[in-house]
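The sequence and the structure come first, and the description follows.

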Amino acid sequence: MKQLYFSLFIGIILLTGCGEQISNDVINESEQSLSKQKAISHVLNSDRYTHFKIHVFYEDGASPYTDKIGLSGNNTWDITLKSFEALLASKSFNIIVPNSINQMKIISKQNNSKWSANQLRELGENIVPPLEGKDDINFAIIFVKGEYIDSENILGVHLSGTHYAFVFKDVVIRAGGGSISQKYIEQTTVVHELGHAIGLVNNGIPLHKQHEDNDHPHHTNNSECAMYWAVESALKISDIVRNSMGNNELNLFKAEVIKDLENFK
């Protein structure tokens, strides 16, 4: 990986209950990245900005799910919208999330079956708008084909020190399930990775009390929250989303991480 320096939580391969291996989805290259991540998080406390905007990019052939979820009447991207409205309620932002494919930006085919951290970073830096706009704080989620080079089962990744994250569309599809399940799997991945991008859990935004999983840094120990570690795995996410899907839940963040934001000054 050309002398990338990973923290212990990416350098160590984590074992799942069924014996498969996945890598942690928070990729940290250096202490400098951690410093940059803290700076990104602290922008959330600025009174200069009125809008928190999520941009969606997708590779040709890796378009996100949109439209309604089953018979609920809710748009698929209402999950991301309502999750971040709940998370950032104490910050008084106007949360802007696209909800149709024509509000998202297509990028050309990248022709990558295996993505390295360097390749992902190069793509993100080339297409994502700056973190700070005139009135906006900008974050982005990028859908690509293929998979992460270190694991065929990791659904998404965030590169520490950046304000964007990635979803591997092919891995989402491999996770299986019907139409509603697929949408919940994808949206849970989006919420999870964007959560890392803003600094959850203890990755720029401090904990208001201990709820970080000691075995899976930067993930909560609450298995019902989108920031739980197993959300990153195509092998385990179906079990995680089943309850949210059954209850038609739109906010996927739980009290622990919401309190982190309320206490973040």
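Phe166 is buried, with a relative accessible area of 0%, where buried means under 20% relative accessible area, exposed over 50% and partly exposed in between, with a 1.4 Å probe and protein chains only. The model is predicted, so that local features need pLDDT of at least 70 and side-chain atom pairs count only at pLDDT 80 or more, while totals for chains, interfaces and linings use all residues. Residues are numbered from 1 along each chain as its sequence is written, and side-chain values use heavy atoms, with hydrogens and water left out.

A search of the whole structure gives eight aromatic pairs. Rings of Phe, Tyr and Trp (its six-membered ring) pair if their centres lie within 6.5 Å, and planes under 30 degrees apart count as stacked, over 60 as edge-to-face and the rest as tilted. Two of the pairs are set out here.

| Pair | Centre distance | Plane angle | Class |
|---|---|---|---|
| Tyr148 and Phe168 | 6.4 Å | 35 degrees | tilted |
| Tyr164 and Phe166 | 5.8 Å | 85 degrees | edge-to-face |

Because Tyr148 lies in strand S9 (residues 147-148) and Phe168 in strand S11 (residues 164-168), their pair ties together parts that are 20 residues apart in sequence; strands are DSSP runs (E, at least two residues), numbered from the N terminus. Tyr148 is buried at a relative accessible area of 0%, Phe168 is buried at 0%, and Tyr164 is buried at 1%.

Elsewhere, ring pairs join Phe52, Phe84, Phe93, Phe139 and Phe253 into a cluster. Lys169 lies over the face of Tyr65, at 3.4 Å from the ring centre; a charge sits over a ring if NZ of Lys or CZ of Arg is within 6 Å of the ring centre and within 35 degrees of the ring normal.

Key
Helices (H or I, at least four residues) and strands (E, at least two) are DSSP runs, numbered from the N terminus.
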